[in-house]
Amino acid sequence: SNRDYIYEYLANTPIPLVGVGFGNSNLLLTLAFGSTVTVSFLSIYFVVLYSAGCVGLALLAVFLLVPLKGVLACRLTQDLTHSAGLVALTAVFVAYIVMMGFRAEELPMSFGTVYGMLAFVGLHHETALQAMEE
């Protein structure tokens, strides 16, 4: 991987409990490598871990996993013969979660759409199921 410098920084820098603030973590990373341009963590999880600390990463994890709880509840009450839409939407959501660990330092706008759709499914099971079947 060409991101070995990020992993080197993570190994040599203690993880803060509450973080140093968004933007400040990137500046500290830049100073650690003596770069003339701002260095990116290339991962939303790493930037949140060093910007908001362990507390912030835990809050991000809860934020990302809440729609999956609703999807699971919907899936348990759903007719198993009509699950393609829900499975596809969940697969896209999980793909975004994985991708943000390696490519994005921010939440993409398109992720917000998928997140909103899954949150709707979690809150309104029957309405969502009827919409997916039509």
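Among the contacts in the protein chain with a separation of 6 or more, 65% are accounted for by residues 24 or more positions apart, a contact being heavy atoms within 4.5 Å. The model is predicted, so that local features need pLDDT of at least 70 and side-chain atom pairs count only at pLDDT 80 or more, whereas totals for chains, interfaces and linings use all residues. Residues are numbered from 1 along each chain as its sequence is written, and side-chain values use heavy atoms, with hydrogens and water left out.

The protein chain has six helices and zero strands, assigned as DSSP runs numbered from the N terminus (helices H or I, at least four residues; strands E, at least two). Of its 134 residues, 34% count as buried, that is, under 20% relative accessible area, with exposed over 50% and partly exposed in between (1.4 Å probe, protein chains only).

In the largest nonpolar core, which has 27 residues, those that touch the most other members are Leu29, Phe41, Tyr50, Leu64, Phe93, Met100 and Phe111; such a core is a set of buried Ala, Val, Leu, Ile, Met, Phe, Trp, Tyr and Cys residues joined through side-chain atoms within 4.5 Å. Two or more residues are given to this core by each of α1 (4-12), α3 (44-77), α4 (84-99) and α5 (109-123), and the largest share, nine residues, comes from α3. With residues up to four places away in sequence not counted, Leu29 touches Ile6, Tyr9, Val39, Ser40 and Phe41.

Tyr7 lies in helix α1 and is partly exposed, with a relative accessible area of 38%.
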